Amino acid sequence: LQSIIRRLVVQAPGALAAMLAATLRRSAAATLPRAATIAAPRSAPAFLAASRALATGPASGGAVSDELLEKLSTLSTQSLIDGLWVMGWPTSFIEGARPLAKGMKCAGRAVTLNFVPQRPDIAADKPAGVDSPEYEAFELCGPKNVLVMSSVGPWESVGGDIKFLRLQQLGLGGLVTDGSVRDTDEILGYGFPVFSYSTTPKQGPAAMQPWECNGVIECGKVAVRPGDAIIGDQDGVVVVPASHAQQVYDIAHGREEIEVIIKQELMKNPGPPGKYYPFKPPIKKESPLGKLLDTKGVKYFSTSAFSGRRHFSSVPATMKAAMVRETGDAGVLKMETEVPVPSLNDGQVLVNNEFAGINFIDTYHRSGLYARDLPFVGGQEGGGKIAALTPKAEAQGFKLGQRVAYSILGTYSDYSAVPAAKLLPVPDNVPMDVAVSCVVQGLTAHY
């Protein structure tokens, strides 16, 4: 088993390796001391536990890129809560997790640790020393991780200065718990943000034991999966599901932009906020807020989804695009920064492009060998995330934030209006540049 564990740690992706290794270590701890009496009564529970694990769902719900994590860190926890509310998701505010000091903020991917109430047999069976689940969790942590520790009670200690010294050495991005911490002065000196219910002088092991690393946990009445984005500020801590993190960001960012416009308008023309705020989708064009956004050149599109969930997104009025205003050599392809963002017809979506494919046929269009009306945006292969969508497109199952690739003319731009029928959903495990390169090239190879 130890040999298998070592191979897993080397060969398997980080989080998966840790989970597999943790399961095997616990099986080893439960069974190896009894290897000589394999039929002993206590060998059965270890087998049953392993079988039971096969019936559970995956612990992690997806991956959050460094780029997306950085974007999420720029938003307030209030905006993120609003984004999830618009989507119809349950609250993701970790109750009781408060910053240990003023000004603390955190943003990182969750590494989870679950504590269970103290029991002598559990304490005896738990891997000891460096193999303990808590130290296993510690070693998965770094600057872009937040350690989320689920306590058995608000006043129980999840750790103090000696244990957390290791987290300081690893450059932890943050610690969140619905329990308490001790040795407060020392922990504040470690420099990483801490969000807890309170502080306490109590010893944790008297009340609870760390039992599982990187499983799905409940912390502050909220489910947390390994890899979820954890964002904390002075108002508390919010869990952003990794599987829908891009969609949450798109909605929350759009709402923040609109709130800035509302506040500026109320400062300029004092009056009751109720004229514009609070707002929820759909924003009607003829409403005071719709008219205000139109005067500011802010494009917005909102719908009530057929599924009953509400969606909202906003995009800028202009974008960058590589334009061709006259045919010729490569020099006629010019980057422009004030190109109008395409408007949508029903049945289309607006894609925020991450990649555009470069194909030989693009030179035919640019040189004039294949005639096109001037001016035009170059390219015919692109992909990214849906930034806005119309009711017909939504009825076909597409969602804000969904990853898609496509082939239409005019993809050398920040945004493209794409008919839903031409969209190709991109699985999370396929890089967007690979997906985009497969559209035209794939058709060529196929036919």
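In this predicted model, strand β2 (residues 106-117) and strand β11 are joined by 4 bridges and run antiparallel.

Strand β11 itself spans residues 229-233 and is mostly covered, with 5 of its 5 residues buried. Two sets of residues can be told apart by direction. A229, I231 and D233 point one way from the strand, while I230 and G232 point the other way. Side chains in a regular strand alternate between the two faces of the sheet.

Together β11 and β12 make a hairpin, with 2 residues lying between the two strands.

Turning to another part of the chain, an open sheet is formed by 3 strands in the order β16-β15-β18, with antiparallel pairing. Its edges are β16 (333-340) and β18 (376-377), each of which pairs on one side only. Strand β15 (residues 318-324) is joined to β18 by 2 bridges, and these two strands run antiparallel. Within this pairing, V324 has F376 of β18 as its bridge partner.

Definitions and conventions. Residues numbered from 1 in each chain as written. Predicted model: local features only at pLDDT ≥ 70, side-chain atom pairs only at ≥ 80, totals over all residues. Heavy atoms only, no water. Buried < 20%, exposed > 50% of the residue type's maximum accessible area, 1.4 Å probe, protein only. Pairing = 2+ DSSP bridges.
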